[in-house]
Amino acid sequence: MLFDSHSHTKFSADSEMQAKDALQAAARAGVGLVFTEHLDLDFPGEDVFEFSPQKYWQEYLPLRGDQLRLGVEIGLEQGTLARSRAFVAEVPFDLVIGSIHLLEHHDLYYPDYYRGRSKEQVFHAYFQTMAEQIRACDFCDVLGHIDYIVRYAPYEEHTLDYTQFHEGIDAVLRAVIETGKVMELNTRRLGDKAACEDLLPVYQRYHALGGRYVTLGSDAHTPEAIGVNFAAGQQLAAAAGLQLVTFKARKMELCQ
Ligand SMILES: [Zn+2]
Ligand SMILES: [Zn+2]
């Protein structure tokens, strides 16, 4: 079964999705689902991207099974790694995604970090930080959305040009492969053909460097977004020669 291995419900500060609505939407889309709630310790701004793993477990454990796995998406930052590692040990998560949401403690969602910095500067710092954090993180299975920054960076071209940023991207891909992790193919942007064309060389390079597996994740925060652009994601993974996988009890499973 194909799995949507990245989704958020009401345990995430930026989602109000109810588990039952998520499960109905996943059934309609014909996919299994992994909830990956946000843990971003010491996150700047008003919202608190933290939750009680025990409450999460208590409430959702009865729903866990063939259709639903329980995971977490952890924002990786130098100062919080030790506490994030301790959090992961609190309950037996199925899947742990590591993600970069911040640079120099600025939220990449908002425009302030980009002001006065060129795309070259920002993207260079982004990939360098990502590679460092992936190497430092010994408690995650998957690197989330390598193209996250493209969603929000307010530059003229909303692109991720592999040729332009190949050094930084290669450093990230090598870090993922050498630490035994798996790349996510985030489908959020794949409704845009140009985004698919942008990402294909990145995932082909992942394969060329020895990567073989990829998870598909919609990053849904609402039921409508579950499984979105999965046909494009499947096509892209196939074109790069990558096998679709998900995780159960931190063990990789092939999606048939
Ligand atoms: Zn994320
Ligand atoms: Zn997410």
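Q: At what angle do helix H4 and H6 pack?
A: In this predicted model, helix H4 (residues 119-136) packs with H6 at about 10 degrees, and their axes are 8 Å apart. With an angle under 35 degrees counting as roughly parallel, H4 and H6 are therefore roughly parallel to each other.

Q: Which residues make that contact?
A: From H4 there are Phe 127, Met 130, Ala 131, Ile 134 and Arg 135, while H6 contributes Gly 168, Ile 169, Ala 171, Val 172, Arg 174, Ala 175, Val 176 and Glu 178. By class, the contact of H4 with H6 has nine nonpolar residues, one polar and three charged.

Q: And how do H6 and H7 cross?
A: The axes of H6 (residues 166-178) and H7 (residues 193-208) come within 10 Å and cross at roughly 45 degrees, and H6 and H7 are therefore oblique to each other. Their crossing is right-handed.

Q: Which residues meet there?
A: Ile 169, Asp 170, Leu 173, Arg 174, Val 176 and Ile 177 of H6 meet Val 202, Arg 205 and Tyr 206 of H7. The contact of H6 with H7 comprises six nonpolar and three charged residues, with no polar ones.

Q: Switching to the metal, what are the protein donors of the zinc ion (ligand 1)?
A: They are Glu 73 (OE), His 101 (NE2) and His 145 (NE2), at 2.1 to 2.2 Å from the zinc ion. Glu 73 also bridges to the zinc ion (ligand 2), and the two ions lie 3.4 Å apart.

Q: Are the two histidines, His 101 and His 145, buried or exposed?
A: Both His 101 and His 145 are buried.

Conventions. Residues numbered from 1 in each chain as written. Chains lettered and ligands numbered in written order. Predicted model: local features only at pLDDT ≥ 70, side-chain atom pairs only at ≥ 80, totals over all residues. Heavy atoms only, no water. Axes fitted to C-alpha atoms, helices over the stretch in contact; angles between N-to-C directions. Helix = DSSP H or I, 4+ residues; strand = E, 2+ residues; numbered from the N terminus. Parallel < 35°, antiparallel > 145°, perpendicular 65-115°, else oblique. Left-handed = near helix turned anticlockwise from the far one by under 90°. Contact = heavy atoms within 4.5 Å. Nonpolar A, V, L, I, M, F, W, Y, C, P; charged D, E, K, R; others polar. Donors = N, O, S within 2.8 Å, 3.2 Å for Na, K, Ca; no water. Buried < 20%, exposed > 50% of the residue type's maximum accessible area, 1.4 Å probe, protein only.
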